[in-house]
Number of protein chains: 2
Amino acid sequence: MLDVFFRKLLWGGLLAACLPAFSVPQTGRQQAQQCATCHGLQGLAIMANTPHLAGQPDVYLIEQLKAFRNGQRQHAIMSLIAKPLSDAEIENLAQWFSSQQIEIKQ
Amino acid sequence: MLDVFFRKLLWGGLLAACLPAFSVPQTGRQQAQQCATCHGLQGLAIMANTPHLAGQPDVYLIEQLKAFRNGQRQHAIMSLIAKPLSDAEIENLAQWFSSQQIEIKQ
């Protein structure tokens, strides 16, 4: 009986330890709904003149979103979209798009 | 005999008509050697904080390179790299990277 209890405790602990690793991209995935119209939910852009975000390094995405937010980089739509984003939201979005691994079609 | 001559003429004409479509990305490929250290020859970036260029829409790449060239977009390295590029060089580079089709790894 006690053995079952400890086994459950162990699995629960392992699950709790792993959750943050999965939850951040998932939070980003939800936030990325607002990006999907132009960039696609996974970051493969649908519209012309719109960059693919899938697989871009998160450091790059964070830097660009912050540059749009503070006006250092200008774009009619992105300057508006980025303005209200918090640091945490920017990081979640970056991690979501960055987690989509890309390859060149053979 | 005349039939063979006209057939050759036809194939030669077709080949000549198709060549520009193939040669532009190849010219871009040669020019892309200077981008390869950071962005990879095919546009899959090697360095952190460096965007992948593979598969990006050519319109987007042209706009960004021109923005770096005219100072509208600033970056320590890219502002220097883009400055001497002609419109034709920018278009060739954009077409080369744009021609690398990407997909998300399953």
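Q: Between which two helices of chain A is the loop that holds A:Asn49?
A: The model is predicted: local features need pLDDT of at least 70, side-chain atom pairs count only at pLDDT 80 or more, and totals for chains, interfaces and linings use all residues. Residues are numbered from 1 along each chain as its sequence is written, while chains are lettered from A and ligands numbered from 1 in the order in which they are written. Helices (H or I, at least four residues) and strands (E, at least two) are DSSP runs, numbered from the N terminus. The loop with A:Asn49 is found between helix 2 (36–39) and helix 3 (58–69) of chain A.

Q: Is A:Asn49 buried, exposed or partly exposed?
A: A residue is buried if 20 or more other C-beta atoms, placed from the backbone, lie within 10 Å of its own, exposed if 12 or fewer, and partly exposed in between. A:Asn49 has 14 other C-beta atoms within 10 Å, so it is partly exposed.

Q: Near what value is the phi of B:Asn49?
A: B:Asn49 is found in the loop between helix 2 (36–39) and helix 3 (58–69) of chain B. The phi of A:Asn49 is positive, near 55 degrees, in a residue other than glycine. The phi of B:Asn49 is also positive, and is near 60 degrees.

Q: Which residues does A:Val59 touch, leaving out those up to four places away in sequence?
A: A:Val59 lies in helix 3 of chain A and counts as partly exposed, with 13 C-beta neighbours inside 10 Å. Two residues are in contact if their C-beta atoms, placed from the backbone, lie within 7 Å. Not counting residues up to four places away in sequence, A:Val59 touches B:Ala48 and B:Asn49.

Q: Which residue of strand 1 of chain B is the bridge partner of A:Ile102?
A: Two strands pair if DSSP finds at least two bridges between them. Strand 1 (residues 102–104) of chain A and strand 1 of chain B run antiparallel and are joined by three bridges. The bridge partner of A:Ile102 is B:Ile104.

Q: How many nonpolar, polar and charged residues are on the side of chain B that touches chain A?
A: In the interface, 22 residues of chain B are in contact with 22 residues of chain A. Helix 3 and strand 1 (102–104) of chain B each supply at least two residues of this side of chain B. Ala, Val, Leu, Ile, Met, Phe, Trp, Tyr, Cys and Pro count as nonpolar, Asp, Glu, Lys and Arg as charged, and the others, Gly among them, as polar. By class, the side of chain B that touches chain A has ten nonpolar, eight polar and four charged residues.

Q: How far apart are the end C-alpha atoms of helix 3 of chain B?
A: The expected span of a helix is 1.5 Å times one less than its number of residues. For the twelve residues of helix 3 of chain B this should give 16 Å. The distance between its end C-alpha atoms agrees, at 16 Å.

Q: Against which helices of chain B do the buried residues of helix 3 pack?
A: In helix 3 of chain B, the buried residues are B:Asp58, B:Tyr60, B:Leu61, B:Gln64, B:Leu65 and B:Phe68. They cover an arc of only 160 degrees around the axis, so they are on the same side of helix 3 of chain B; the arc is that of the directions from the helix axis to the C-beta atoms. These buried residues pack against helix 4 (78–82) and helix 5 (87–98) of chain B.

Q: How far apart in space are the C-alpha atoms of B:Thr27 and B:Trp96?
A: B:Thr27 is found in helix 1 (residues 2–31) of chain B, and B:Trp96 is among the buried residues of helix 5 of chain B. In sequence, B:Thr27 and B:Trp96 are 69 residues apart. In space, C-alpha to C-alpha, they are apart by 7.9 Å.
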